[in-house]
Amino acid sequence: MPKEQGLHDGNVLIDALVKYKNKLIVIAESVLHSHAQAEDIFHDAIVKACTMQTSCIHCPVGYACRMVYNLALDEARKRQYEKNNLMPMDGVDSVPAPCVNALDCIVMAEALNKVMASLKDLPKRTHDAFIRHRIEGVPQKDIAEELGVSRTLVNFMIKDAHRYCEQSLKAA
């Protein structure tokens with residue numbers, strides 16, 4: 001007698017997901033604490049199962065449980081990351097726009113060009129130290145090691161370059 005064919009073209013994983021839907025949603029809900037998101041995770045698992053080769057799955061129910069749990073865990077981690085690293089929408093109004101209009105953009109671009117041109121007048125070592133620290137974000141101690149000078153000297157070079165840039169902007 002041939003093996004009984006499931007409802008979904010022999011995809012035992014989809015059969016297990018459908019058969020144990022309520023249990024799987026409870027698993028996802030225990031991680032996410034939201035029934036609606038748990039259902040979304042269940043649907044994601046169904047979609048993922050449709051694209052999988054399931055012939056090597058020996059325990060489809062266990063596989064389905066682990067799959068739903070892992071998808072829920074990934075979603076919970078993603079939500080936590082977004083909560084910790086993204087600005088809430090109610091704070092967006094307080095973020096200043098870099099350029100309000102085209103004229104401001106032109107003025108800022110000219111100021112930047114002036115600063116970059118004035119940096120070329122500085123000694124190469126001072127120029128490089130300023131760019132590496134202020135633009136590339138390299139710590140001053142690392143720059144000091146690379147140049148073979150003291151951290152204090154690097155600090156003074158950066159301050160001097162900063163003052164020089166300010167003076168060239170004021171003169172313009």
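The buried residues of α5 are V115, S118 and L119, where buried means under 20% relative accessible area, exposed over 50%, and partly exposed in between, with a 1.4 Å probe and protein chains only. These three cover an arc of only 105° around the axis, which puts them on the same side of α5; the arc is that of the directions from the helix axis to the C-beta atoms.

Before going further, a word on what you are looking at. This is a predicted model, in which local features need pLDDT of at least 70 and side-chain atom pairs count only at pLDDT 80 or more, while totals for chains, interfaces and linings use all residues. Residues are numbered from 1 along each chain as its sequence is written, and side-chain values use heavy atoms, with hydrogens and water left out.

Now for the overall plan. The chain has eight helices and zero strands, so from the N terminus on its elements run α-α-α-α-α-α-α-α, helices (H or I, at least four residues) and strands (E, at least two) being DSSP runs numbered from the N terminus. Of the 172 residues of the chain, 26% count as buried. Among contacts with a separation of 6 or more, 60% come from residues 24 or more positions apart; contact here means heavy atoms within 4.5 Å.

Let's return to α5, which has 18 residues and reaches 26 Å from its first C-alpha to its last, close to the 26 Å expected at 1.5 Å a residue. That expected span is 1.5 Å times one less than the number of residues. The buried residues of α5 pack against α6 (124-135) and α8 (151-171). Turned away from that buried side is a face with the exposed residues A102, L103, E110 and N113.

Not counting residues up to four places away in sequence, S118 touches Y164, C165 and S168.

Another cysteine, C59, is partly exposed, with a relative accessible area of 49%. A search of the whole structure finds zero disulfides, a disulfide being a pair of cysteine sulfur atoms within 2.5 Å. For C59, the nearest cysteine sulfur is that of C65, 8.2 Å away.

Next, move to α2 (residues 21-32), a helix of twelve residues that reaches 16 Å from its first C-alpha to its last, close to the 16 Å expected at 1.5 Å a residue. Here L24, I25, I27, A28, V31 and L32 are buried. They cover an arc of only 155° around the axis, which puts them on the same side of α2. Their packing partners are α1 (12-19), α3 (35-50) and α4 (60-85), whereas the face turned away from the buried side carries the exposed residues N22 and V26.

Within α2, S30 has a polar side-chain atom 2.6 Å from the backbone oxygen of I27. The C-alpha atoms of S30 and L73, 43 residues apart along the chain, are separated by 9.9 Å. L32, also in α2, counts as buried at 2% relative accessibility. L32 and A76 are 44 residues apart in sequence and 5.9 Å apart in space, C-alpha to C-alpha. Leaving aside neighbours within four places in sequence, L32 is in contact with residues including Q37, I41, A72, A76 and R79. Just after α2, H33 takes a positive phi of about 60°.

Finally, to the cores. In soluble globular proteins, nonpolar side chains tend to be buried together. A nonpolar core is a set of buried Ala, Val, Leu, Ile, Met, Phe, Trp, Tyr and Cys residues joined through side-chain atoms within 4.5 Å. Of the 23 residues in the largest such core, L13, L17, L24, I41 and V68 touch the most other members, and α1, α2, α3 and α4 each supply at least two residues of this core. Apart from it lies another core, of 15 residues, among them L122, A129, V149 and M157.

Key. Polar contact = N/O pair within 3.5 Å; in protein donor to acceptor, adjacent residues only side chain to side chain.
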